[in-house]
Amino acid sequence: MKPDPERPRDGKWSLVGYEDFDDDVDFVGLHGAGTDNGLNFYDYKIKYAGLNQRCNGDLNGDQAKTLEKLLQGKENECDRDILEMMKVRGYLRNDGKNYLPTFPIFKNGYSAIEQSCTKETYNKKLLPLINQLEKLFGELYIVVADYVSADIPPRFADCPQVACNTFSMRGHMVKMGLESGIITMPEDIMHTTIAMACGIN
């Protein structure tokens, strides 16, 4: 990246202009946490209709540790008050005997698709399609990066972060899914774990 232009009084700075842009889904961020024992949380923050504040915001430290213990099968070591609060917030439900998560749990290293069908079906029918999609996404990224680079100040043209930040494919996928009816909004946004999952060994 080229250095900023020299300015009076030993200054070095430039000006950058921004356009106002209001999209229905303007941000989808991936957050998560992992531990050495192989348990990892994945949480997509969807900035649309309040979904990024679902379950009344993020977990605090005690709640996260309690949830981790529960998923490791150590419910007897968990604080009951915290478990009940997690139930009220929507992270857990109770079947009358035990507290259970309201989000999917996957084996680490395997996608949800892999775990929903036989290995033979996955390898023969799904994997070729996944590989094709990955190839198309790679080609699309190059097209978008070239398009963006041609329309920004030259000093940003070789900066990969610029293309990455404008490549909002997650948000567009959510928007298209909602418009097509493939996905629908939850009835109770503040008590849903939509887009949250856990991987465990």
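Predicted model: local features only at pLDDT ≥ 70, side-chain atom pairs only at ≥ 80, totals over all residues.

Start by selecting residues 80-89, which make up helix α2. Now color I82, L83, M86 and R89: these residues of the helix are buried. Turn the view until you look down the axis of α2. The buried residues fall within an arc of 120 degrees, so they line one face of the helix.

What covers the buried residues? Show α1 (61-71), β5 (92-94) and β6 (99-101), which are among the elements that do the covering.

Now check the two ends. At the start of α2, select D79 and D81: a side-chain oxygen of D79 comes to within 2.8 Å of the backbone nitrogen of D81. Just after α2, stop at G90, which has a positive phi of about 110 degrees.

For the last stop, go to Y99 in strand β6. Is Y99 buried or exposed? Its relative accessibility is 9%, so Y99 counts as buried. Show the side chains of Y99 and E84 together, and you'll find a polar contact between them at 2.7 Å. Leaving aside residues up to four places away in sequence, Y99 also touches others, including L70, L83, K87 and L92. To finish, draw a line between the C-alpha atoms of Y99 and L67: they are 32 residues apart along the chain and separated by 10.0 Å.

Key:
Residues numbered from 1 in each chain as written. Heavy atoms only, no water. Buried < 20%, exposed > 50% of the residue type's maximum accessible area, 1.4 Å probe, protein only. Helix = DSSP H or I, 4+ residues; strand = E, 2+ residues; numbered from the N terminus. Arc of directions from axis to C-beta. Contact = heavy atoms within 4.5 Å. Polar contact = N/O pair within 3.5 Å; in protein donor to acceptor, adjacent residues only side chain to side chain.
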